[in-house]
Amino acid sequence: MRRIATCLAFLCALLAVPFAVQARVGDSQAYGGSAERFVHAPPAPVPAGLARFGPFRVVDAKTAALVDVTDEHSPAHFAAMLRAYPELAMLELVDCPGTYDDMANLRLGRMIRAAGLSTHVPRGGSARSGGVELFLAGVDRQVDEGGEFAVHAWADEDGLEASDYSANAPENRKYLNYYQEMGMDADTARAFYAMTNSVPFGGARWLGAAEMRRWLGQNDQPAAPPAGPVQAVPVLAYLDLNAGLN
């Protein structure tokens with residue numbers, strides 16, 4: 001009955017929130033934290049590639065792309081992709097709405113870091129909600145002009161957000177610990193986490209390339225102005241999602 005009630009609550013909330021910033025609440029898992037966390041946006045075309053592993057596409061022997069929501073199966077998909085393509089060095093975050101499973105998503109981020117992959121949000125690409133944690137997992141983080149990010153507060157199945165728990169509660173510590181593992185000092189981790197929670201669960205705060213670079217301490221890297229209008233999609237080869245890959 002609790003799951004049915006949660007689903008009904010979600011459907012009501014979905015109708016009340018503008019499409020561009022919809023996000024969903026699912027059953028909490030560890031620590032009573034959020035399980036589903038993502039932000040909708042107009043879909044980006046999916047890059048054509050050599051193979052598909054869940055939300056990942058292998059573009060070439062050195063490059064993979066993340067093009068969909070992650071879930072509890074994504075760590076296994078990522079591990080299988082690395083076994084099949086052990087020379088992968090770059091993960092392009094093309095269209096990353098977030099995650100259906102926060103704990104699995106943080107585990108996936110740690111796997112990306114352990115594998116030594118760099119992350120890159122190309123021009124026209126976006127990493128949103130839980131996708132931001134995956135971007136931070138890169139040993140080297142790159143974002144092109146025209147790349148975007150979206151953050152918002154998480155919410156658990158009882159509708160509680162980060163501010164409803166003490167700063168040192170496990171629900172909050174799991175994110176702060178993760179950000180520090182990804183290279184932020186304690187003060188920056190707290191400030192970044194506060195920024196992500198500055199917008200309620202039902203909304204989204206959008207960050208451009210320059211703002212994300214500031215959080216990464218890349219202020220000294222001059223941003224090259226885009227050549228002409230910012231395109232709606234990254235410069236990669238694409239196929240239609242409906243065509244599918246086996």
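Select Trp154 and Tyr175 to begin: both are buried, meaning under 20% relative accessible area with a 1.4 Å probe and protein chains only (over 50% would be exposed, in between partly exposed). This is a predicted model, where local features need pLDDT of at least 70 and side-chain atom pairs count only at pLDDT 80 or more, while totals for chains, interfaces and linings use all residues. Numbering runs from 1 along each chain as its sequence is written, and side-chain values use heavy atoms, with hydrogens and water left out.

Rings of Phe, Tyr and Trp (its six-membered ring) pair if their centres lie within 6.5 Å; planes under 30 degrees apart are stacked, over 60 edge-to-face, and the rest tilted. By that rule there are ten aromatic pairs.

Next, pick Phe135 and Phe149. Their ring centres are 4.9 Å apart and their planes sit at 55°, so this pair is tilted. It links distant parts of the chain, with Phe135 in helix α4 (residues 130–136) and Phe149 in strand β12 (residues 148–151), 14 residues apart. Phe135 has 0% relative accessibility and counts as buried; Phe149, also at 0%, does too.

Now for the strands. Helices (H or I, at least four residues) and strands (E, at least two) are DSSP runs, numbered from the N terminus. Show β6, residues 90–93: Met90 and Glu92 point one way, Leu91 and Leu93 the other, and all are buried. Strands pair if DSSP finds at least two bridges between them. β5 (residues 63–66) runs parallel to β6 over four bridges, and Leu66 stands opposite Leu93. With β9 (residues 118–121), β6 pairs in the parallel sense over three bridges; look for Leu91 opposite Thr119.

Finish on helix α3, residues 102–114. Its 13 residues should span 18 Å at 1.5 Å a residue, and the end C-alpha atoms are 18 Å apart, which agrees; the expected span is 1.5 Å times one less than the number of residues. At its start, a side-chain oxygen of Asp101 comes within 3.2 Å of the backbone nitrogen of Met103. Colour the buried residues of α3: Asp102, Ala104, Asn105, Leu106, Leu108, Gly109 and Ile112. Last stop is Gly116, which follows α3 and has a positive phi, near 75°.

How values were computed
Polar contact = N/O pair within 3.5 Å; in protein donor to acceptor, adjacent residues only side chain to side chain.
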